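Subject: Structure handover

Hello,

Please find the structure below. My notes on what was found in it follow.

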Amino acid sequence: MRLDIATNPSSPTRPNEDFVSAALPASGHGGVLVVLDGVTPPADGDDGCVHGVPWYTARLGGALVELAVSDPATPLPRCLAAAISRTARAHGGGCDLTHPRTPQATAVAVRWSERTVEYLVLSDSVLLLDHGTHVEPVLDDRLDRLPEPVGTLRARVRALPQQAPERPATVSAYIAAVESLRNAEGGFHTAAADPEVADLAVTGTLPRDGVRAVAALTDGASRLVELFGAVDWTGALELLRKEGAEELINRVRAAEDADLAAGNRRHKAHDDATAALVEL
C-alpha cells in the first residue's frame, strides 16, 4: 500500500482551512482517508462563531477519522453524523450554530477493508476511483445544478470586465443567490452543525478487488481539471501516481499564475489545495 498526501494554503499569510488525514489500524487490513475543505466566509461577514474555520475542520476531521477507524461496522454517513454532533457540542455556548455561515466544510471519506471499499462525498470535493480499466470520478454535483437566477448571474459575472462599474453589484447578487441555497431544500449541502446532512452525501460500497487506488481532491486541487482543463480525471490520477500529490498542486499554482498573467480575475485567484492518493 502506498500513501501520498500534500496540502498547500491559498496564501502564506492565511491559515489553511483544508484537513487531510489517513489512518491505518494496527491490524494492517484496512484504513481510512478523510479530506475536508473548509468553507471560507466572506471577509466582511460574521459567521456567529468565535473559533473559525480551521478550528472546525480540525475537530470535524479528527472526529470523523477516529469514529471511522474505531467502529468499522458503522456506515460512513453515521460516522459523519456523529462527528458533526461531536463538533457542534465542542463549540460551546458562545457560538450561534443556527447562523447560515457557521463554520462548515465539504467532505470526502474512504474506508477500505480486506473485502470492501466504502466512500462518502459531500459537496464539491472530488473522489477518484481507479478500477484498473478506467477512472471513475465520484461527484456531488448539486452546486452545478442550482436553480435560477444562479446560472444567469454566474454568466453575467464571467462576462463583465473586471473594471465594469456594475460588476461589484452583480458579484454580490451572485454570491447572495448561492448562499441562499446553502444547506437548503433544492440547493446544496455541506457539513456544518446539522448531523442529518450526512444522509444527503453521495455514498457507495465496492468490492476491494475492483479498486486499485483512490484519490481525493479539494476543489482547490481539482481546478487543474475542472477550471483549467489541463488534464482529465484519468490524467489527474496518473499525475498523482507518477509525479506525486505535491507536483499536482504545483501545477495548479502554475495554472493559476498563468491565468492571472493573462488578465483573468476570479473570485478566488488561489485556493487552499489538498490532494491525497492511496494505492490499494
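A residue is called buried here if its relative accessible area is under 20%, and exposed if that area is over 50%. Please also keep in mind that this is a predicted model.

By that cut-off, the buried residues of helix 4 are Arg167, Thr170, Ala177 and Val178. They lie on the same side of helix 4, because the arc they cover around the axis is only 95°. In general, an α-helix has 3.6 residues a turn, so residues three or four places apart point the same way. What do the buried residues of helix 4 pack against? Their partner is helix 3, residues 150-159. On the face turned away from the buried side, helix 4 carries Pro168 and Ala169, which are exposed.

The length of helix 4 can be checked too. Helix 4 has 13 residues, 167-179, and at 1.5 Å a residue these should span 18 Å; the end C-alpha atoms are 18 Å apart, so the two values agree.

Five strands form an open sheet, in the order 2-3-4-5-8, with antiparallel pairing. Which strands stand at the edges? They are strand 2 (18-23) and strand 8 (202-207); each has a single partner strand, so one side of each is left without a neighbour in the sheet. On average, neighbouring strands of this sheet are turned by 5° against each other, direction ignored. As background, strands of a sheet pair through backbone hydrogen bonds, either parallel or antiparallel.

Strand 4 (residues 105-112) and strand 5 (residues 116-122) run antiparallel and are joined by six bridges. Helix 2 (residues 76-91) lies across strand 4, strand 5 and strand 8, and helix 2 runs at about 45° to strand 5.

Last, the chain as a whole. It has seven helices and 10 strands. The radius of gyration is 19 Å, close to the 19 Å that the globule rule gives for 280 residues, so the chain is as compact as a globular protein of that length. Along its principal axes, the C-alpha trace spans about 60 × 45 × 35 Å. Of the 280 residues, 47% are buried. Among contacts between residues at least 6 apart in sequence, 70% join residues at least 24 apart.

Regards

Definitions and conventions. Residues are numbered from 1 along each chain as its sequence is written. This is a predicted model: local features need pLDDT of at least 70, side-chain atom pairs count only at pLDDT 80 or more; totals for chains, interfaces and linings use all residues. Side-chain values use heavy atoms; hydrogens and water are left out. Two strands pair if DSSP finds at least two bridges between them. Helices (H or I, at least four residues) and strands (E, at least two) are DSSP runs, numbered from the N terminus. Axes are lines fitted to C-alpha atoms, for helices over the stretch in contact, and angles run from 0 to 180 degrees between N-to-C directions. Contact means heavy atoms within 4.5 Å. The expected span of a helix is 1.5 Å times one less than its number of residues. Buried means under 20% relative accessible area, exposed over 50%, partly exposed in between (1.4 Å probe, protein chains only). The arc is that of the directions from the helix axis to the C-beta atoms. The radius of gyration is taken over C-alpha atoms; the globule rule is 2.2 Å times the number of residues to the power 0.38.
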